[in-house]
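Work through the exercises below with the structure open. Each task is followed by its solution in steps.

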Amino acid sequence: MLGSATPSLECFHQVQAGRWRRFYLPERVNALALPEVVLEDMRQALVQDGLSVGLIQAIRRALGADEQVMLFLNRRGYAPMLRCEHCGWQALCAQCETSMVAHVNVRELVCHHCGASERLPVRCPSCGQGELLMLGMGTQKLEQVLKAQFPQARVLRIDSDAFSTSKQFEQALEQVHRREVDIILGTQWLSKGHHFPHLNLVAIVDADQAFYSLDFRSEERLAQMLVQVSGRAGRERRGQVWVQTKQPEHPVFNSLVEAYAVQAKRLYAQRIESGLPPVSAQVLLFARHKELARVMQVLMMTKEGALSEGIGENWLWLGPAPAVIARKGGIYSAQLLLQAPSKATLQRDLPRVYAWFEAQAKALNVRYGLDVDPLWLE
């Protein structure tokens with residue numbers, strides 16, 4: 001038996017196909033009403049240091065009523081981008097070519113992909129004169145903002161930068177339960193599975209991050225996250241959920257005021273129309289090497305060889321193409337995504353495709369692998 005307030009569309013598909021039976025619990029624990037939802041349109045709101053004035057006032061009211069507050073921001077560090085105002089230089093990881101994240105507390109730039117770090121520059125390394133701007137907001141910056149806005153409040157940041165072990169995380173949660181914390185802020189670590197009786201206001205600081213993802217599951221994950229995070233509010237009496245967004249009209253936010261099943265049906269209909277999983281089946285072939293041309297060659301030869309033998313003629317072959325983050329730690333990654341109308345078709349012919357893939361990868365000394373039913377694209 002599986003249990004979830006936000007089942008995946010893969011689970012929903014099994015129910016729709018009649019393979020699984022669904023049991024539905026229509027009410028919250030203690031029959032409490034769903035939290036009041038405030039969708040703050042950040043295109044029109046007055047903003048102070050990344051927080052709307054309305055949210056700041058709501059936090060102040062909650063603290064005045066001796067209630068706890070939780071803010072959710074799924075981005076670690078202080079600022080996700082460091083850029084020179086004069087020449088446009090940007091702090092990029094030399095190994096990954098992605099933005100390095102500023103961590104002010106340790107005065108370092110850190111790559112969140114390969115772990116490389118370097119000292120946080122005072123002046124622009126390129127022109128030597130421009131002012132360096134820290135753009136965007138991470139949990140460390142939000143912590144600083146909250147301490148400035150609410151100097152009397154006890155603020156606790158919970159993320160993988162602050163706590164590296166499960167024991168430390170459990171100790172932090174104990175602080176919350178002992179009422180030694182007024183404002184909790186953190187990342188997805190806080191999204192589900194916690195019961196805080198005195199927590200009645202939950203705020204999602206930047207709900208729009210998922211809209212910029214290349215992953216077709218991003219909207220599904222956002223709907224799940226909204227339900228999970230809002231579920232932390234009002235566990236003993238009706239709470240309030242505050243969402244900061246520039247797209248308040250987006251239907252995904254209806255998941256806060258209607259049953260998650262309604263969102264699942266909408267998203268499932270989109271998957272049927274587009275032919276994407278779970279109504280189809282996918283496998284991801286990936287290759288890695290210091291030379292991008294070599295990994296692209298392996299995947300292209302695999303594709304051409306398989307198709308020349310009549311394998312997967314009714315499949316959708318996407319790629320080969322560099323991975324979303326093409327280089328990590330100095331190693332290039334590329335991928336070839338195969339999509340078949342059914343899992344049975346894919347399973348029948350995949351061994352022959354993999355034989356081609358393995359032979360080409362070994363011939364060119366390239367690291368290789370595959371991911372059946374990939375939940376995340378490379």
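**Exercise 1.** Determine how helices α5 and α6 are oriented towards each other, and which residues form their contact.

Solution. In this predicted model, α5 covers residues 218-230 and α6 covers residues 260-274. Their axes come within 11 Å and cross at roughly 175 degrees. Angles over 145 degrees count as roughly antiparallel, and α5 and α6 are therefore roughly antiparallel to each other. On the α5 side, the contact is made by Glu219, Glu220, Ala223, Gln224 and Val227. These meet Tyr260, Gln263, Arg266, Leu267, Gln270 and Arg271 in α6. Sorted by class, the contact of α5 with α6 has four nonpolar, three polar and four charged residues.

**Exercise 2.** Is strand β12 enclosed or open to the outside, and which strands pair with it?

Solution. Take burial first. Buried means under 20% relative accessible area. Six of the six residues of β12 (residues 199-204) are buried, so β12 is largely enclosed by the rest of the structure. Next, the pairing. β4 (residues 68-72) runs parallel to β12 over five bridges, with Val69 opposite Leu201. Strand β13 (residues 240-245) is also parallel to β12, joined by four bridges, and Ile204 has Val243 in β13 as its bridge partner.

Conventions:
Residues numbered from 1 in each chain as written. Predicted model: local features only at pLDDT ≥ 70, side-chain atom pairs only at ≥ 80, totals over all residues. Heavy atoms only, no water. Axes fitted to C-alpha atoms, helices over the stretch in contact; angles between N-to-C directions. Helix = DSSP H or I, 4+ residues; strand = E, 2+ residues; numbered from the N terminus. Parallel < 35°, antiparallel > 145°, perpendicular 65-115°, else oblique. Contact = heavy atoms within 4.5 Å. Nonpolar A, V, L, I, M, F, W, Y, C, P; charged D, E, K, R; others polar. Buried < 20%, exposed > 50% of the residue type's maximum accessible area, 1.4 Å probe, protein only. Pairing = 2+ DSSP bridges.
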